[in-house]
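Work through the exercises below with the model open beside you. Try each task before you read its solution.

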Amino acid sequence: MMMMLDSLKLGDFERSLFMIKPDSYKYKNEILNELRDNNFELQYIRDVILSKNFLGKLYSAQDDEIVNLMNVEYFLGKTATIGIAAGESCKERLFELCGDKYAPDMCDKNSIRYKYSTIRKPILLHGHEFYINAIHRSLPQDAENEIELYMNEYIRNNIKEEDIGERQRI
């Protein structure tokens, strides 16, 4: 019996960006394993040095301009692990698993933000309190734009540079 492509149900397959932040980088393997254990397919995982261009664009979608500036300043030049999680209902499931609040201690005790955040109290930066959590996860409505930003900044540009370097060696 031949099955028509239209009759195949592919489910609610989605993708979303995640970033293991510099302060929780030492827990990278545990966090990646937790994502895998929760049935996320992990794609394009890279350790990167966070650039001002990437951070400025990543956090510009948020509503709080001061928090955006503090994120850029605090993380600039530090190493993080970034990747794409994929799977059924990925956007909502990733958001829930990572934690739905900004401050780690306000998140569920089983969330990644609660379990792997190394700084529990707010830090003071330019006279403002600022919380550091373990992982950035895209808001569901921002996921595709953040993936595109990541791909352009850290994946496609590296591929182009490698191609140019390879051609120069030939």
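**Exercise 1: Ser 138**

A polar contact of 2.6 Å links the side chains of Ser 138 and Glu 146. (A polar contact is a pair of N or O atoms within 3.5 Å; within protein, one must be able to donate a hydrogen and the other to accept it, and residues adjacent in sequence count only if both atoms are side-chain atoms.) This is a predicted model: local features need pLDDT of at least 70, side-chain atom pairs count only at pLDDT 80 or more, and totals for chains, interfaces and linings use all residues. Residues are numbered from 1 along each chain as its sequence is written, and side-chain values use heavy atoms, with hydrogens and water left out.

Solution: 
1. (Helices, H or I, at least four residues, and strands, E, at least two, are DSSP runs numbered from the N terminus.)
2. List the contacts, leaving aside neighbours within four places in sequence: Ser 16, Leu 17, Phe 95, Ala 143 and Glu 146. (Contact means heavy atoms within 4.5 Å.)

**Exercise 2: The whole chain**

Task: State how many helices and strands the protein has, and in what order they run.

Solution: 
1. Count the elements: six helices and six strands.
2. Read from the N terminus: β-α-β-α-α-β-α-α-β-β-β-α.
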